[in-house]
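Subject: Structure for you, with notes

Hello,

Here is the structure I promised to pass on. Please open it first, then read the notes below it.

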Amino acid sequence: MKYIPPEFTRISEMSAIDVGRLTEDEARGMLEHIRWPKGIECPHCTSTNIVRIEGKAKKVRDGLFRCKDCRKQFTVTVGTVMERSHITLRQWVQAFHSMCSHKKGVSALQLQRNLGLGSYRSAWHLTHRIRLAMKEDPLASLLKGVVEVDETYIGGKPRREFGKHNKRGRGTKKAPVMAMVERDGNIISKPIKNVTAKTLKSAIREAVSEESKIMTDEFKSYIGIEKDFKDGHGIVRHHIGEYAKRDINTNTAESFFALLKRGVNGMFHHISKKHLAKYCNEFSFRWDNRKVTDGERTENAIHGFVGKRLMLKEVMG
Ligand SMILES: [Zn+2]
């Protein structure tokens, strides 16, 4: 029996197998809908007086529009992380879907194979552009309620050499990362330069509302943080076996770190410390969008593809 694929208008309704079947035109239509849900708008002057340039006879690029006010031409990728990319739009949509569906992330190598990309380098650029789209505005809203704070080291265990101790944490080449997470809510995670009281406390004050309660373990750098928060500071005392006593625990932050480590530790020797923040963004994005379907998460990530063109240079360094 011939398989007749169902018709979709939204990525949020699609499964991985449907996304894999998208044509270039369908992918473009979906991106246009996500970028301009209320009708096409000129990225140069925000006019809505737009014509689609249909070019069956002439040699016209697909998906080209012209603004009747400023007379400039554009496509859906103008001003986005996709601008000037040689990757097809269907590959972009598939890559977004793939990175949004895999809890531990997808390596550039795996994407290169799955999408049939010409080089590892293009796959690598693709994944970093998608991470940029996933980056959430840190000023969007402060974390609130009960906020668990914890720090860890990324980079796997250093190799044990004969006659030497296996160094842990400080003093190794591992990178410190901190997470601040609302119970049952959103997360902020990022690499930090060290784990001193000054660094950790200023990061907490920057990201968490004063109305909150901070929850940490007994690490000395957190001592005194209650002065800045209305509901004070709950401290888990791991060393006396007080795990998860009442509501005092950092289990949520620890689950996040477990995911991040499973995704990143294995390939950390390939990714330098300067890229670690992007991996934190990616894992935080999936965490914040954990309660929706893979398709909805993909749409949410694609929403972030507009307006980050300028940040791209900086990211690719
Ligand atoms: Zn215009």
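H3 passes H5 in a right-handed crossing. This is a predicted model. The two helices, H3 and H5, pack at an angle of about 65 degrees, and their axes are 10 Å apart. That angle makes H3 roughly perpendicular to H5, because the class runs from 65 to 115 degrees. On the H3 side, the contact is made by Trp92, Ala95, Phe96, Met99 and Cys100. H5 brings Leu126, Thr127, Arg129, Ile130, Arg131, Ala133 and Met134. By class, that contact of H3 with H5 has 9 nonpolar, 1 polar and 2 charged residues.

H5 also packs against H4. Helix H4 covers residues 108-115 and helix H5 residues 120-134. Their angle is about 110 degrees, with the axes 8 Å apart. H4 and H5 are therefore roughly perpendicular to each other. Their crossing is right-handed. From H4, the residues in contact are Ala108, Leu109, Leu111, Gln112 and Leu115. They meet Tyr120, Ala123, Trp124, Leu126 and Thr127 in H5. By class, the contact of H4 with H5 has 8 nonpolar, 2 polar and no charged residues. Note Leu126 and Thr127 of H5: they are listed in the contact with H4, and also in the contact with H3.

H3 has a further partner, H2. Helix H2 spans residues 24-35 and helix H3 residues 89-101. They pack at about 60 degrees, with their axes 8 Å apart. H2 and H3 are therefore oblique to each other. H2 passes H3 in a left-handed crossing. Glu24, Ala27, Arg28 and Leu31 of H2 make the contact with Leu89, Arg90 and Val93 of H3. By class, the contact of H2 with H3 has 4 nonpolar, no polar and 3 charged residues.

Now the metal site. Which residues are the protein donors of the zinc ion? They are Cys42, Cys45, Cys67 and Cys70, each through its SG atom. The donors lie 2.3 to 2.4 Å from the zinc ion. In sequence, the donor residues are spaced C-x2-C-x21-C-x2-C. Why is the arrangement tetrahedral? The 4 donor atoms subtend angles of 104 to 117 degrees around the zinc ion, which makes it so. Four donors count as tetrahedral if all angles lie between 85 and 135 degrees. For reference, the ideal angle for four tetrahedral donors is 109.5 degrees.

Best wishes

How values were computed
Residues numbered from 1 in each chain as written. Predicted model: local features only at pLDDT ≥ 70, side-chain atom pairs only at ≥ 80, totals over all residues. Heavy atoms only, no water. Axes fitted to C-alpha atoms, helices over the stretch in contact; angles between N-to-C directions. Helix = DSSP H or I, 4+ residues; strand = E, 2+ residues; numbered from the N terminus. Parallel < 35°, antiparallel > 145°, perpendicular 65-115°, else oblique. Left-handed = near helix turned anticlockwise from the far one by under 90°. Contact = heavy atoms within 4.5 Å. Nonpolar A, V, L, I, M, F, W, Y, C, P; charged D, E, K, R; others polar. Donors = N, O, S within 2.8 Å, 3.2 Å for Na, K, Ca; no water. Tetrahedral: all angles 85-135°; square planar, octahedral: opposite > 155°, others 65-115°.
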